[in-house]
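The sequence and the structure are shown first.

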Amino acid sequence: MNEELLKVEHLTKKFEDNVVLDDISFTVHKGEVIVIVGPSGCGKSTMLRCINALEPVQGGRITIDGDEIVYGSKNLSSLRQKIGMVFQSYDLFPHLNVLDNILLAPMKAQKRKKDEVAKEAVELLERVGLRDKAKSFPRQLSGGQKQRVAIVRALCMHPEMMLFDEVTAALDPEMVREVLDVILGLAKGGMTMIIVTHEMQFARAVADRVLFLENGSIIEDSEPDTFFESPKTERAKEFLNIFNFERSKEK
Ligand code: ADP
Ligand code: MG
């Protein structure tokens with residue numbers, strides 16, 4: 001097993017009295033792909049937001065490369081650069097073209113030279129099939145294209161790991177594939193990732209481990225074949241049955 005990269009230990013997160021994450025612990029090793037599944041409202045997004053220090057936590061600790069990630073701390077910006085995050089809503093700046101959207105953070109936060117970042121940005125755009133869109137504005141792109149730009153923008157910061165929160169949930173079905181293929185490519189390239197998704201076939205294909213979250217607790221932590229073929233808990237069985245039912249309806 002590769003070395004540990006991210007460690008979540010006894011994480012507890014509350015919104016007032018509402019305990020949203022209840023004593024969560026897991027470790028992500030370098031190069032590992034963790035998929036998190038679970039019903040709506042179980043705390044998936046909140047967990048990713050805590051890992052990216054977008055939320056204060058009420059207990060436990062999160063470390064990357066041994067450094068603790070603390071909401072509001074001074075060294076946060078350098079720690080946060082180790083983690084790239086892509087959300088459901090691609091928050092590109094509407095007044096900047098694709099290339100300028102990508103260049104912004106590496107130039108501002110990492111003080112890198114424009115030429116060097118632009119060269120890399122164009123290479124990454126090529127890799128996701130969007131080389132010809134460098135000068136386009138977000139409004140001229142489809143949802144799937146915007147989401148691929150958002151992924152490139154995160155990659156251009158050279159993160160040590162990527163977090164994906166339901167990045168295809170708002171896309172039309174024909175665009176889902178093109179975005180998932182980019183993520184599969186990252187997995188093949190060895191990127192460490194935590195992926196929240198409702199795309200179960202994709203989850204099975206990409207995951208090294210599946211965490212099933214319910215009511216703020218991890219109730220299963222399994223290899224994908226085990227999780228999808230013979231889940232240990234009744235709750236996971238019920239959850240997966242809903243997806244099988246949806247699929248059989250589509251046929
Ligand atoms: P999921 O991503 O699994 O659907 P979330 O992490 O978005 O779930 O939400 C988990 C729980 O936390 C829900 O009950 C939600 O209502 C609550 N929650 C999320 N964000 C906030 C917030 N900013 N303030 C109060 N409650 C919140
Ligand atoms: Mg969510």
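Phe-212 is buried, because its relative accessible area is 0% and the term buried applies under 20% (exposed is over 50%, partly exposed in between; 1.4 Å probe, protein chains only). Phe-239 also counts as buried, since its value is 6%. The model is predicted: local features need pLDDT of at least 70 and side-chain atom pairs count only at pLDDT 80 or more, while totals for chains, interfaces and linings use all residues. Residues are numbered from 1 along each chain as its sequence is written, chains are lettered from A and ligands numbered from 1 in the order in which they are written, and side-chain values use heavy atoms without hydrogens or water.

Rings of Phe, Tyr and Trp (its six-membered ring) pair if their centres lie within 6.5 Å; planes under 30 degrees apart are stacked, over 60 edge-to-face, and the rest tilted. Two are tabulated below.

| Pair | Centre distance | Plane angle | Class |
|---|---|---|---|
| Phe-212 and Phe-239 | 5.2 Å | 55° | tilted |
| Phe-227 and Phe-228 | 5.1 Å | 85° | edge-to-face |

Phe-212 lies in strand 9 (residues 209–214) and Phe-239 in helix 9 (residues 234–250), so that distant parts of the chain, 27 residues apart, are linked; helices (H or I, at least four residues) and strands (E, at least two) are DSSP runs numbered from the N terminus.

Phe-227 is buried at 0% relative accessibility, and Phe-228 is buried at 16%. Together with Phe-212, Phe-239 and Phe-243, Phe-227 and Phe-228 form one aromatic cluster.
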